Amino acid sequence: MFRTTLPRLARHLVYSAPRYQAPIARPIARSSLFQSTRITPTSTAFQAARCYSASAGLSHEEVQGRIMDLLKNFDKVQDVSKLNGESHFHNDLGLDSLDTVEVVMAIEEEFSIEIPDKEADAIHSIKQAVDYILAQPDAH
Amino acid sequence: MAKISGLQREVLSLYRQCLRACRKKPADTRLNFYNHTRSEFHRNSSINKKDFGTIEYLIRSGRKKLETYEDPGIRNIANL
């Protein structure tokens, strides 16, 4: 008799436990309907289940760092010392228009978004690229 | 950078299309496609921008070539 009560007690504890936990750590299947309202994009709490629809909340520094790393590895950049947050692709880094297209395409891949031609043509500097990425909700 | 002309925009748009097509190629040979695309475009980058006839011809032949190479049956390209 004692043998059967123990597992039952344990099961009871397991099922009742999530009720007292933070909503963020709840199993996703049980409350997926309500989860989107509970997790705010600015939440810094630990998140056990990743919500792919939620905004990744990229920071300015992170975006800039990733773009700069990308340019650092780009073989056409002549003077890496001129690389900073304000660098202009053509004036500072010596890239021609074809190279600029390549850089913008690489940024697309890095943040898994697609930049339409018209907006891609308007990106000529790191600052413009960072601003564009920050304005995209689905960039991550 | 100076404002780009319509013809230049067309070239850049074709370049973008080509690079997008490269992404659809198998991962192990993708770099060959990238290198080929880059060298083809950079090879002619010194053409005078007033030489409309040549540029228009190159755009046309570039589009034809893209159509040919876009075929998923083409899985590798010579990397010279």
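This is a predicted model: local features need pLDDT of at least 70, side-chain atom pairs count only at pLDDT 80 or more; totals for chains, interfaces and linings use all residues.

Trainee: In what order do the elements of chain B run?

Mentor: Chain B has three helices and zero strands. Its C-alpha atoms fill a box of roughly 40 × 25 × 20 Å along the principal axes. From the N terminus on, the order is α-α-α.

Trainee: What stretch of chain B does UniProt give for "domain: Complex 1 LYR protein"?

Mentor: That feature comes from an unreviewed UniProt entry. In the model, the stretch is 76% helix and 0% strand, with its end C-alpha atoms 19 Å apart. UniProt places the feature at residues 9-67 of chain B.

Trainee: Now helix H1 of chain B: how far apart are its end C-alpha atoms?

Mentor: The helix covers residues 6-23, which is 18 residues. At 1.5 Å a residue, H1 of chain B should span 26 Å. The model agrees, because the end C-alpha atoms are apart by 26 Å.

Trainee: What covers the buried residues of H1(B)?

Mentor: The buried residues of H1(B) include Leu12(B), Leu14(B), Leu19(B) and Cys22(B). Part of their cover comes from chain B, including helix H2 (30-43) and helix H3 (52-70). From chain A, the cover includes helix H4 (97-110) and helix H5 (117-121).

Trainee: Which residues form the aromatic pair?

Mentor: A search of the whole structure finds one aromatic pair over all chains. The pair is tilted, 4.5 Å centre to centre with 45 degrees between the planes, and is made by Tyr15(B) and Phe41(B).

Trainee: How many residues apart in sequence are the parts that the pair ties together?

Mentor: Both Tyr15(B) and Phe41(B) are buried. Tyr15(B) lies in helix H1 of chain B and Phe41(B) in helix H2 of chain B, so the pair ties together parts whose separation in sequence is 26 residues.

Trainee: Over to chain A. Is Ser125(A) buried or exposed?

Mentor: Ser125(A) sits in the loop between H5 and helix H6 (126-135) of chain A. Beyond its neighbours within four places in sequence, Ser125(A) is in contact with Ser87(A), His88(A) and Phe89(A). Its relative accessible area is 9%, and since the cut-off is under 20%, Ser125(A) is buried.

Trainee: What is phi of Ser112(A)?

Mentor: Ser112(A) lies in the loop between H4 and H5 of chain A, and is partly exposed, with a relative accessible area of 41%. Most residues other than glycine have a negative phi. Ser112(A) has a positive value, near 45 degrees.

Trainee: Last one: which residues of chain A does UniProt list for "domain: Carrier"?

Mentor: This feature is also from an unreviewed entry. The span is 53% helix and 0% strand, with end C-alpha atoms 16 Å apart. UniProt lists residues 61-137 of chain A.

Key. Residues are numbered from 1 along each chain as its sequence is written. Chains are lettered from A and ligands numbered from 1 in the order in which they are written. Side-chain values use heavy atoms; hydrogens and water are left out. Helices (H or I, at least four residues) and strands (E, at least two) are DSSP runs, numbered from the N terminus. The expected span of a helix is 1.5 Å times one less than its number of residues. Buried means under 20% relative accessible area, exposed over 50%, partly exposed in between (1.4 Å probe, protein chains only). Contact means heavy atoms within 4.5 Å. UniProt positions are given in the numbering used here, feature names are shortened, and annotations may be inferred rather than shown by experiment. Rings of Phe, Tyr and Trp (its six-membered ring) pair if their centres lie within 6.5 Å; planes under 30 degrees apart count as stacked, over 60 as edge-to-face and the rest as tilted.
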